[in-house]
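Here are some notes for a first look at this model. Please keep the structure open while you read.

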Amino acid sequence: MPKSIIKDKFNRPLRDLRISVIDRCNFRCQYCMPADQFGPDFEFLPKSALLSYEEIERLAKIFVSLGVEKIRLTGGEPLLRKDMPVLVEKLAKIEGLSDIGLTTNGVLLPKLSADLKKAGLKRVNVSLDSLNDELFGKINGRNVGTQPVLDGIRAAREAGLGVKVNMVVKKGLNDSEIIPMAEFCKNEGLQLRYIEFMDVGSTNGWKMDDVITKKQIYEMLKKHYELEPADADYFGEVAKRYRYKGTDVQVGFITSVSESFCSSCTRSRLSANGQLFTCLFNGNGHDIRNFMRNGATDEEISSRIIGIWNGRDDRYSDERTAETLKNRKKIEMSYIGG
Ligand code: SAM
Ligand code: SF4
Ligand code: SF4
């Protein structure tokens, strides 16, 4: 299919697609799927509701024809979905797609890294919020220590995958880990990205007071390290990056709360059951799965996506106020895909 460029109401092109392949997870991170809300009785999506790999591949091709260059696989925990390398292999063959990434809690990377790499995956983002076993076990809600994740990082690197580390920082929970994580990642030559705790969903009890901002983290880092800005890689890059002076190692910040970046947001999201979301904070999904299952042709699906993107006017983080916090219909991160 020839590539077209479609723009939304604020002239933002559609460049990125995040695909949540599963809403389940083997962790219960407090800030994402708190154990008391996602208990044994929680009703996750049945298998029949999930997009099949063939459906994901078909949609991915259509998105790429509409200008998408990057796809990120996420969840829930994407590596819990059976045969993930099979999906990666299908996506890696799509002409015009320049990048496929995967965000994972890392636990299954020792088992799957080599096959993922062979299938065409280039890089993974591994989430790790602390190096302290007890604290990490408390945060992930499953008492899993750091070793399985560290093993996952090592396996991914040994398989030749690029690795970045994601750390969500929540005040009073893991701010004590800001410097130890920096030190560890710097020594290992890993790019660490500090993520501001966000008000996604309605189960994580988010309060502005719990957010440690990029500025605060940067000030802490500056007491220990000399940092210099690294240029943004491309329009729409989310992370603000710095380099430890005299090294090639970078550190990044995802400033979703304190310095929003909606004006250059080119991301769309497909939930595990095929609902298309135009913003992490816009709870109104568009049902692409049933449209497709009811027999829509590629052209019809394409037109529908164009219509949705042309009508997009989301800029939630730019507009975040006490009122929007109260009134918005929110969608859980584990469902929509982080
Ligand atoms: N399970 C995988 C993982 O944890 O990497 C992928 C899905 S997870 C929803 C994707 C990313 O979102 C993770 O890096 C996670 O730390 C981040 N995340 C989840 N809830 C968040 C929140 N409330 N604020 C900021 N980041 C969050
Ligand atoms: Fe699972 Fe990732 Fe959410 Fe943690 S952040 S509960 S690992 S989906
Ligand atoms: Fe994009 Fe929505 Fe986040 Fe703004 S709030 S950066 S529009 S996902």
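How many residues of the shell around ligand 3 are nonpolar, how many polar and how many charged?

1. The model is predicted. In it, the shell around ligand 3 divides into 7 nonpolar, 1 polar and 4 charged residues. Among the residues around this ligand are Arg-267, Arg-269, Arg-312 and Asp-314. Phe-261, Cys-262, Cys-265, Cys-279, Leu-280 and Phe-281 also surround ligand 3, as do Tyr-316 and Ser-317. Strand 10 (267-270) and helix 10 (316-319) are the elements that give two or more residues to this shell.

2. Now turn to ligand 2. Its shell has 6 nonpolar and 2 polar residues, and no charged ones. Cys-25, Cys-29 and Cys-32 are among the residues around ligand 2.

3. Next, the core. The largest nonpolar core has 109 residues. Leu-73, Tyr-194 and Leu-221 have the most contacts inside it. Helix 1 (residues 53-65) supplies the largest share of this core, with 7 residues. In soluble globular proteins, nonpolar side chains tend to be buried together.

4. Beyond its neighbours within four places in sequence, Leu-221 is in contact with Ile-179, Ala-182, Tyr-194, Leu-227, Val-251 and Phe-253.

5. Leu-221 also belongs to a helix pair: Ile-178, Ile-179 and Ala-182 in helix 6 meet Ile-217, Met-220 and Leu-221 in helix 7. The residues of this contact are 6 nonpolar, with no polar and no charged ones. The axes of helix 6 (residues 178-188) and helix 7 (residues 214-222) come within 10 Å and cross at roughly 65 degrees. The crossing is right-handed.

Technical notes. Residues numbered from 1 in each chain as written. Chains lettered and ligands numbered in written order. Predicted model: local features only at pLDDT ≥ 70, side-chain atom pairs only at ≥ 80, totals over all residues. Heavy atoms only, no water. Near = heavy atom within 4 Å. Nonpolar A, V, L, I, M, F, W, Y, C, P; charged D, E, K, R; others polar. Core = buried A, V, L, I, M, F, W, Y, C linked by side-chain atoms within 4.5 Å. Buried < 20%, exposed > 50% of the residue type's maximum accessible area, 1.4 Å probe, protein only. Helix = DSSP H or I, 4+ residues; strand = E, 2+ residues; numbered from the N terminus. Contact = heavy atoms within 4.5 Å. Axes fitted to C-alpha atoms, helices over the stretch in contact; angles between N-to-C directions. Left-handed = near helix turned anticlockwise from the far one by under 90°.
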